[in-house]
Amino acid sequence: MSTIERLPLSVDHIPETKRSVYDAEPILSARNLVITFGRVIGLDGVDLDLYRGEVLAVIGDNGAGKSTLIKCLTGAYQQDTGDVFLEGRPVSFKRPQDAREAGIETVYQQLAVIPALDIASNLYLAREERRPGPLGSVFRMLDKKGMKVRAGDSVQRLGIQTIQNMGQAVETLSGGQRQAVAVARAAAFGSRVVVLDEPTAALGVKESGMVLDMVKQLRDSGLAVILISHNMPHVWEAADRIHIQRLGGCAGVITPQSHDMGEGVAIMTGATQLAS
Amino acid sequence: MSSSTSAAAAEFARRRQSPVQRIQHLLHGYPWLSPLFLLVLTFVVFSILNPRFASPNAQSLLFQQVAVVACLAIGQTLVILTAGIDLSVGAITILAMMVMATLAAENGVAGWLAILIGIALAVGAGALNGLLVTRVGLPPFIVTLGTLSIFTAIALLYSGGSSIQNNRLPDIINFTGETFSVGPFRVTVGVIMVLLLYAIVGFALTQTAWGRHIFAVGDDPESARLSGVASKRILLSVYTVAGLIYGFAAWIQIGRAGSATANGIPDANLDSITAVVIGGTSLFGGRGGLIGSLLGALIVGSFTLGLSLAGVDQQWRLLAIGVLVIVAVSVDQWIRKVKA
């Protein structure tokens, strides 16, 4: 129980420059996850290893268990059986807040930003910082100016040029800019893992490119990134490894170098099976 | 090709905003601007109709007349900001008022203790609303519609439907009706208390995490929850704080009316909602502010006082307020469509 075996991993199809990423222990692991909803089997014994400094894409048809898997890893669902390990230690997240406190941030498909609040308020929502001294401790006064400055730094660090004014209400932003705010929040507080659920689903070409650049930026800063997407070109562009979910189980893990998009989709739909 | 389209897009982004769009943006950023404009306008119009309206006497009276509704509007604003509504405002206030007065006049309870018990009861009543909304998961409209009847019935049963005059009440309960002069104005303790409550709750709403979370829960409850806001705790606290404020309103109402009567504030529910809506707070939650509600209460009060000073039938007030409410909500809908 205390030590877990790594999943077998072939580095043959991983570019030489990236191989060192896979020397370290996985930061987040799942073993034999099973979850059922009544008679429906959501996850049917899924294993997963995630490494620091990689983008692991999770693809699969509707109902294949992508979201369910991610929700088990981030505390939104609790698996019936199976274990989740963070840096080798077993963890059990009862609610999303627990995962967040462990350094796992999720960018939900619906983004979870508050339209009426400004960018800085959204970045620090439920993590507000107070003024120093009695103004903060006694009167619980918010450090609005400080949060605004630090929010600006977080957005800047991701290289987002289009957002300048942190006092701007989120509802006045474009879809891509909202996505950027959500990603910036995850990046600012996610110390270990950032999970992105369909981050490019509602975006145009240019904005998708911006978001994918952010995803790579997160990886290059040493975070482990899980990217859930329906968009195969985006997956093949941004991912280091690709976990394919099919019918509640894992149909295999491939890399953009080992398989092309067509082969990936064939595995995803069950047209071909991955030799194991 | 891409460069030409991006140039066109940049051109589009740089386009001059029409004056109407600018107004929309301004109102979006400062929701209290329209009620402020309206209040100034009513002041000017009624002062022209009858110059006495602008006199310190009339303005002092205006503040005394709106004090209770303005106080209730604080609690109502908090609830409406969470996308709820409180129909039990008046019922809670009456219950607290009758308990305060009856305990002091009939049961010989010390005045300060009677006030404390009355306020505590109002807090409990607000918390009951909050628990029904958060734990049982009922819509606020239904919860407060139910407790409106329940609290009214309890107040009537408890007081036997009789009223208690202020000569039977200890000084401390009548204290909110005490008047003193501030320059040319006559001010009651109750008016000062209401203004203080506005300052305190306004601070909490704009300067603390609690206030920010109220806006978040009202604007998008699911996103707020996913962001880690303790939505249920926020909602419960809002209804409880609203109850506390209604408790103070009960004390202020006794001082203002000179008696405690179970049918003393028949229009409290609608008046408080009207003040909040005219004040620019959205019934859909998450937008607005406290200052607007004070302005809204003053606008409604100005119509009452101004029309009577102008010698016009009071029914015109009802008509005007009705039009204002519809205009205010229309403006809110329009502001929501603001674009960058």
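User: How are helices and strands defined here, and how many of them does chain A have?
Analyst: Helices (H or I, at least four residues) and strands (E, at least two) are DSSP runs, numbered from the N terminus. This is a predicted model, in which local features need pLDDT of at least 70, side-chain atom pairs count only at pLDDT 80 or more, and totals for chains, interfaces and linings use all residues. Residues are numbered from 1 along each chain as its sequence is written, chains are lettered from A and ligands numbered from 1 in the order in which they are written, and side-chain values use heavy atoms, with hydrogens and water left out. For chain A the secondary structure comes to 9 helices and 10 strands.

User: What radius of gyration does chain A have?
Analyst: The radius of gyration is taken over C-alpha atoms, and the globule rule is 2.2 Å times the number of residues to the power 0.38. For 276 residues a compact globule would have a value near 19 Å, and chain A agrees with this, at 19 Å.

User: What percentage of the residues in chain A is buried?
Analyst: Buried means under 20% relative accessible area, exposed over 50%, and partly exposed in between (1.4 Å probe, protein chains only). Chain A has 276 residues, and the buried part of them is 53%.

User: Why is strand β8 of chain A described as largely enclosed?
Analyst: Strand β8 covers residues 224-228 of chain A. In a regular strand the side chains alternate between the two faces of the sheet. On one side of β8(A) are A:A224, A:I226 and A:I228, on the other A:V225 and A:L227, and all are buried. The strand is largely enclosed by the rest of the structure because the buried residues number 5 of the 5.

User: Which residue of β8(A) is the bridge partner of A:V55?
Analyst: Two strands pair if DSSP finds at least two bridges between them. Strand β3 (residues 55-60) of chain A runs parallel to β8(A), with 4 bridges, and strand β7 (residues 193-197) also runs parallel to β8(A), with 5 bridges. In β8(A), A:V194 has A:V225 as its bridge partner. For A:V55 the partner in β8(A) is A:V225.

User: How many helices and strands does chain B have, and what is its radius of gyration?
Analyst: Chain B has 15 helices and 4 strands. The globule rule gives 20 Å for 340 residues, and chain B is close to that, so it is as compact as a globular protein of that length, with a radius of gyration of 22 Å.

User: How many residues of helix α13 in chain B are buried?
Analyst: Helix α13 covers residues 268-278 of chain B. Its buried residues include B:A268, B:N269, B:S272 and B:I273. Among the elements that cover them are α3 (33-49), α4 (56-81) and α5 (89-106) of chain B. The helix is largely enclosed by the rest of the structure, because the buried count is 9 of the 11.

User: Which residue takes a positive phi just after α13(B)?
Analyst: The phi angle there is about 95 degrees. The residue that takes this angle is B:G280.

User: How far apart are the centres of the positive and negative side chains in chain B?
Analyst: Lys and Arg count as positive and Asp and Glu as negative, while His and the chain ends are not counted. The place of a charge is taken as NZ of Lys, CZ of Arg, CG of Asp or CD of Glu. Chain B has 18 positive and 12 negative side chains, and the two centres lie apart by 10 Å.

Key: Contact means heavy atoms within 4.5 Å.
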